[in-house]
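Please look over the entry shown below before reading the report that follows.

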Amino acid sequence: MATTLNELLGEQLLQHNESGDETSQIPTNQLNGKTIALYFSVHWCGPNRDFTPIFAEIFKKVDNEIKDKLDVVFISYDPDQASFDEYFKEMPWKALPFSDRDRSKALAKKFNIGDIACLIVLSPTCETITSDGIDEVRVSPDEALRRWTQGKRLFWSREPREGEFTWKRITCNQCFMNPFIGTRHGCTHEECQFNLCEICLLNNKHEHPLIEYLIPKKQYSLEELFKSVPHLLNSNNEEKIEIETMRKDGIKSIGFYFSAHWCSPCRAFTPKLAEVYKEAQSSSQSFRIVFVSWDRDEESFNEYRSEMPWPAVPLKAGTALEAYFQCVAIPSLFVISSDGKVLSRRGNDDVLRKGVEAMKSWAQGKKLVPPSTDEFLWSDASCNSCNMDPLIGQRYRCLTCDYYDLCLACKNKGHEHPLELVPQPVDDQED
Ligand SMILES: [Zn+2]
Ligand SMILES: [Zn+2]
Ligand SMILES: [Zn+2]
Ligand SMILES: [Zn+2]
């Protein structure tokens, strides 16, 4: 059902002069016939905090031809008028008045928006062109804005063929395929955020060498897993170790330890892991660990790895491994057998739970027996009543309080709100 701009945004919008100190009202129907980008945002919003100034600069510099056809309307979730005013000042476009709270809530609901920033682009007849406005602008601002005024989105995608992997939120920088389907080649320089699909790779002009990403959950040989790692670094110096040494006879499994010096749970866990590792090494050297760093600079990387009795992947050479394991949080220990089977995706929990026994199993190329419900260890949760940390055994979560967990004993003592049993995560069954 077609809607008009007035129905969507009400009668009046706000705009301000260039310095931002004078705000005036304009009738919404001044925007009739234009492509409209609704910018849902809030001043303190985390992941897209940097987007407002970036988009403001782009919007100020855009060709008049585009400006005649496109406008942006800010829809605020700011908590009060003062933060709204301050935030809107940075924006060279229109806004829904702060007083129109009911309408901004209704719009957020209509477009299915959570509490993160979002840019929804609408055609002049109020049909949605794209909900990925922010990502489209980040990938190719000029092209995105130009296409929107033609009623088209920047991203496209296709159905995956058998065996092809779907990379969510990844874009091919040449043909703008997103989600990205199939073989992915990318630049490991974080600031580049550069990826090419198989077809666009034929026409690659990127200034840095590209690596081929490994497909998550597919089984690879150790040689393939280490393909994008040039060498390892010995624990306490700059000495280079050939990758070959990790594939020697007798090595049954390798633990990839993702960690960083700036992360305090990591700093707490590393000495425990090192202690257990040294003990395990004294009886068998068939299980090895390599450190894959999330440190931001060489100095902290070098300082951190000097505490570790195992070698490290050079800083920033672990991108393909990180994507392969889909590692999203640290500390994480992923254990792989020498023929590439996943022995554990929760190795750090296994080490806390079983100590040296865990490493003994891995040294034989074996998985651990999965923990029973009673001994399951929630490394990221504690009991909010008796403070058991980490929480072990059944975990109950309050449906009313935010992030309120209870152990079984405290659950039995009772809580004022309804509780829900949190299901125990299962390691992927990869056989
Ligand atoms: Zn492409
Ligand atoms: Zn690059
Ligand atoms: Zn408790
Ligand atoms: Zn509660």
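How many salt bridges does a search of the whole structure find? The search finds 23 of them, where a salt bridge is a side-chain nitrogen of Lys or Arg within 4 Å of a carboxyl oxygen of Asp or Glu.

## Basis of the report

This is a predicted model, in which local features need pLDDT of at least 70 and side-chain atom pairs count only at pLDDT 80 or more, while totals for chains, interfaces and linings use all residues. Residues are numbered from 1 along each chain as its sequence is written, chains are lettered from A and ligands numbered from 1 in the order in which they are written, and side-chain values use heavy atoms, with hydrogens and water left out.

One of the salt bridges joins Lys34 to Asp71, with 3.6 Å between the closest N and O atoms. Because Lys34 belongs to the loop between β2 (23-27) and β3 (35-41) and Asp71 to strand β4 (residues 70-76), the pair ties together parts that are 37 residues apart in sequence; strands (E, at least two residues) and helices (H or I, at least four) are DSSP runs, numbered from the N terminus.

Lys34 is buried, at a relative accessible area of 16%, and Asp71 is buried as well, at 5%. Here buried means under 20% relative accessible area, exposed over 50%, and partly exposed in between, with a 1.4 Å probe and protein chains only.

## Pairs within helices

In helix α13 (residues 347-354), Arg353 and Asp350 are three residues apart, or about one helical turn, and their side chains form a salt bridge with an N to O distance of 3.4 Å. Both Arg353 and Asp350 are buried.

Helix α14 (residues 356-363) holds Glu357 and Lys360, also three residues apart and about one turn of the helix, and the salt bridge between their side chains spans 3.9 Å from N to O. Glu357 is partly exposed, with a relative accessible area of 44%, and Lys360 is partly exposed at 39%.
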